[in-house]
Amino acid sequence: MTTVEEEKALAARYALERIPSDARIVGLGSGSTVEAFVRELRRSDLSKRLRFVPTSSQIEEAALRAGLELVDIDHVETVDFTVDGADEIDPNLNLLKGGGGALTREKVLAVNSDVYVIIADHRKLVRSLCSTHALPVEVLRYGRTHVARLIAEAVNGIPELRLTRFGIPFTTDNGNYVLDVTMPEPLEDPEATLTQLKLIPGVVEVGLFVGLADEAYVAEGREVRVISS
Ligand code: 5RP
């Protein structure tokens, strides 16, 4: 039987083989599946001719441990290929992200990458987003109780401030908070929900990635299923 960790490694290897031969700058999303990708890179000669743009302190530390050369996103003109994870993937290749709290930087990187691919184990496939996870929304600290109320009113959801295991508010790498919004039902129209939430002042970013991914490589046992946009 293939374990989830083996599936993550399989999806990571698949993505590694798809880095274009002329790529120079590769983006790194965040989370444990992207860490599996970093481990595969460490074993590959490919990493020697590439420089990497990280999206979080978590993946930056993993990349440095692996000896990868990092570059600031503002010091490159273009990112050739980005590999990211996801918490949920729907059949239209829309994503729910933000489990690790790096959603804003991940979205900035996604829209500024020539190619944006997702790697995942089989558990991430869902029929509709918000089926298995609450929706992460990064918000300013200022007025966050009021922002939470406006979010609840806009989408009929239940926002909960994300806490660390020490019981204090989780702070993103951008110095903001995250509200995990339990939705009343899985999303029929993720784009509409995204638009409603983005209009609320104090909302920095929403963990819905609609129409951004080019492909997803989803490991199911020993096979990799490719979902294309
Ligand atoms: C972080 C993310 C991650 O990509 C997502 O949470 C998946 O993480 P993992 O690979 O650990 O399951 O969006 O903000």
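The paragraphs below take up strands, cores, single residues and rings in turn.

The model is a predicted one, in which local features need pLDDT of at least 70 and side-chain atom pairs count only at pLDDT 80 or more, while totals for chains, interfaces and linings use all residues. Residues are numbered from 1 along each chain as its sequence is written, and side-chain values use heavy atoms, with hydrogens and water left out.

Helices (H or I, at least four residues) and strands (E, at least two) are DSSP runs, numbered from the N terminus. Two strands are said to pair if DSSP finds at least two bridges between them. On this basis E1 pairs with strand E2 (residues 51-54) in the parallel sense, over four bridges. Within this pairing, Ile25 has Arg51 of E2 as its bridge partner. Together with H2, the strands E1 and E2 make a right-handed β-α-β unit; right-handed here means that, with the strands pointing away from the viewer, the path from the first strand over the helix to the second runs clockwise.

An open sheet is formed by three strands in the order E4-E5-E11, with antiparallel pairing. Strand E4 (88-89) and E11 are its edge strands, each pairing on one side only. Strand E5 (residues 95-96) is joined to E11 by two bridges, and Leu95 stands opposite Phe209 in E11.

The next topic is the nonpolar core, a set of buried Ala, Val, Leu, Ile, Met, Phe, Trp, Tyr and Cys residues joined through side-chain atoms within 4.5 Å. Buried means under 20% relative accessible area, exposed over 50%, and partly exposed in between (1.4 Å probe, protein chains only). The largest core has 28 residues, of which Ile19, Leu28, Phe37, Leu68 and Ile119 touch the most other members. Among the elements that each supply at least two residues of this core are helix H1 (4-17), strand E1 (25-28), helix H2 (32-42) and strand E12 (215-220). A second, separate core of 23 residues includes Leu161, Val181, Leu197 and Val206.

Which residues does Phe37 contact, leaving aside its neighbours within four places in sequence? They are Ala12, Ala15, Leu16, Ile19, Val26, Leu28, Val83 and Ile119, where contact means heavy atoms within 4.5 Å. Leu68 lies in the loop between H3 and E3, yet it counts as buried at 7% relative accessibility. Its contacts beyond four places in sequence include Leu28, Val38, Phe52 and Ser47. The C-alpha atoms of Leu68 and Ser47 are separated by 6.6 Å, although the two are 21 residues apart along the chain. Thr82, in strand E3, is buried with a relative accessible area of 1%. Among the residues that Thr82 touches are Gly27, Leu109 and Tyr116.

Aromatic rings of Phe, Tyr and Trp (its six-membered ring) pair if their centres lie within 6.5 Å; planes under 30 degrees apart count as stacked, over 60 as edge-to-face and the rest as tilted. By this rule there are two aromatic pairs. One of them is the stacked pair of Tyr116 and Phe209, at 6.5 Å centre to centre and 25° between the planes. Tyr116 lies in strand E6 (residues 116-121) and Phe209 in strand E11 (residues 208-209), so this pair ties together parts that are 93 residues apart in sequence. Tyr116 is buried, with a relative accessible area of 1%, and Phe209 is buried at 0%.

A charge sits over a ring if NZ of Lys or CZ of Arg is within 6 Å of the ring centre and within 35 degrees of the ring normal. The charged end of Lys97 lies over the ring of Phe209, 5.5 Å from its centre, and that of Arg18 over the ring of Tyr14, 3.5 Å from its centre.
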